[in-house]
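Student: I'd like to learn how to read aromatic rings in a protein model. Can you walk me through it?

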Amino acid sequence: MDIHETYMKRCLYLAEKGIGTTRPNPSVGCVIVWNDTIIGEGYTQPYGGSHAEVVAISSVKNPDILKEATMYVTMEPCSHFGKTPPCADLIIKHKIPKVYIGVIDTYSEVSGRGVKRLQDAGCIVVTGLLEEACLQHHKRFFSVQNQERPYIVLKWAATQDGFIAPLSKNKHRPVWITNSSVQPVVHKWRSQEHAILVGTNTAIADTPVLDVRKWGGKSPVRIVIDRDLKIPTTAPLLDGSIPTILCADISSQGKVSDRENISYEFIDFKFCLATSLCELLQKRKVQSVLIEGGAKTLQTFIDAGLWDEARVFTGAVSFSEGVKAPTFNALATSEDTFIEDTRLRVYYNLLKIDNE
C-alpha cells in the first residue's frame, strides 16, 4: 500500500464516525497532509453542520501552509450552495495545490463540477484513489442517487438446522437464536440506517420496539407493513416515541388518520410489494433501510431482487421444526465473523450490480 492509500484509509476511518448522522448528505472523511505529516482532518458533521473539508481546514493550526499541502477526501468536494457554501471554493481560497478524491459525486448539482472548479483554479486533482472502498462506504448515498431507492440491508438469525423461528412461541418467554452479545451489534446497525422495516406478523408476535437502547444514537424511522390494520394500537411500535410509518392497503384509506409521530401510507398490495415499498421510501427520502423480518417480508425483497446486503446470524441452537429461513442465491460473501458461539456472514447482491 502506497502512502496515498494510507491517507485515504484514514479518511474512510474518519468518515465512518458520521454514518447515520449526516443524511441526506454523505458522511465524508478528509485529511490534509504537509511534509508527510497530517496537519488537519475531519468528517461531515450532522446535517446542517460543516462538511468534512471545512472541518479539516479549520483544524489546521497554521493555515498559511495550506498552499503547500495536499488534501485527501473520500468524495468530490461540493460546488453548490446548500446548507453550507461550496467546499471547492474554500479549497481554492486557501490555495491548496493538490487534491486526491476517492469517488466522483453523482448528485446532479455536483457530478464533476467540483473537480472542474478546482482544476480551473489551477489545482491538481487526482480521482479514483481507493475508489471501490469509497464507493462501498458511500453506498447509501449512491443507492438513492443512482438506483432511486434506499440501500437495503436484510438481517435475520437462523438455527443450525435452518429455521428462523419456532412454529409456536411461549408468550411469557422470548425465543433467542443468538446470544445476548449480538444485540449491541444489531442496535449499532440500527443507528447507522435511516429506517427499519418489519412485517405484520413480526410486529404482532414479537412486539418489538426497534430502537437503539443497547447501543445509543438515533433510533431509525420505523416502517411497519400493516396491510389490513391488524396491529393493536397498544403495540410498542405504535407508542409514538419514534417516527413510525404504517403501510396499509389502499382499501383502508379513510379508516385511520395520522397522529403524533405515527403516519399512514396506502399502497396497492396487488402489485409487487417490495417495489411499492421502495417507491414509497424514495418518496419519503429514506436513504437506507434495515429489514429485520420476518421470513415472508424478507423473502418478498429477495424474490424481487431488491436488496444489497444480507447479514445472516447462525446461532448454536436447533429447532428440528419451525419457520424456514429465507432462501436466496448470493454471488459473494464476506469472511465469517464469530460473536461468541454465533456466526455472522454477510452476503452481497452482486447480481444487482451486474445488471445495472
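This is a predicted model: local features need pLDDT of at least 70, side-chain atom pairs count only at pLDDT 80 or more; totals for chains, interfaces and linings use all residues.

Student: How is a pair of aromatic rings described?

Tutor: In general, you give the distance of the centres and the angle of the planes. Take Y7 and Y72 here: their ring centres are 5.1 Å apart and the planes sit at 50 degrees, so this pair is tilted.

Student: Which parts does the pair of Y7 and Y72 tie together?

Tutor: Y7 is in helix α1 (residues 3-16) and Y72 is in strand β3 (residues 70-75), so the pair ties together parts that are 65 residues apart in sequence.

Student: Are Y7 and Y72 buried or exposed?

Tutor: Both Y7 and Y72 are buried.

Student: What about the rings of W189 and F313?

Tutor: With centres 5.5 Å apart and planes at 20 degrees, W189 and F313 are stacked, because planes under 30 degrees apart count that way. This pair also links distant parts of the chain: W189 belongs to helix α7 (residues 182-192) and F313 to strand β13 (residues 309-314), 124 residues apart.

Student: Why does W189 count as buried?

Tutor: Its relative accessibility is 10%, and buried means under 20%. F313 has 1% relative accessibility, so F313 counts as buried too.

Student: What lies over the face of W189?

Tutor: That's R311, at 4.7 Å from the ring centre. Over the face of F163 you'll find K324, at 4.8 Å from the ring centre.

Student: Which residues form one aromatic cluster?

Tutor: W156, W307, F328 and Y347 do.

Key
Residues are numbered from 1 along each chain as its sequence is written. Side-chain values use heavy atoms; hydrogens and water are left out. Rings of Phe, Tyr and Trp (its six-membered ring) pair if their centres lie within 6.5 Å; planes under 30 degrees apart count as stacked, over 60 as edge-to-face and the rest as tilted. Helices (H or I, at least four residues) and strands (E, at least two) are DSSP runs, numbered from the N terminus. Buried means under 20% relative accessible area, exposed over 50%, partly exposed in between (1.4 Å probe, protein chains only). A charge sits over a ring if NZ of Lys or CZ of Arg is within 6 Å of the ring centre and within 35 degrees of the ring normal.
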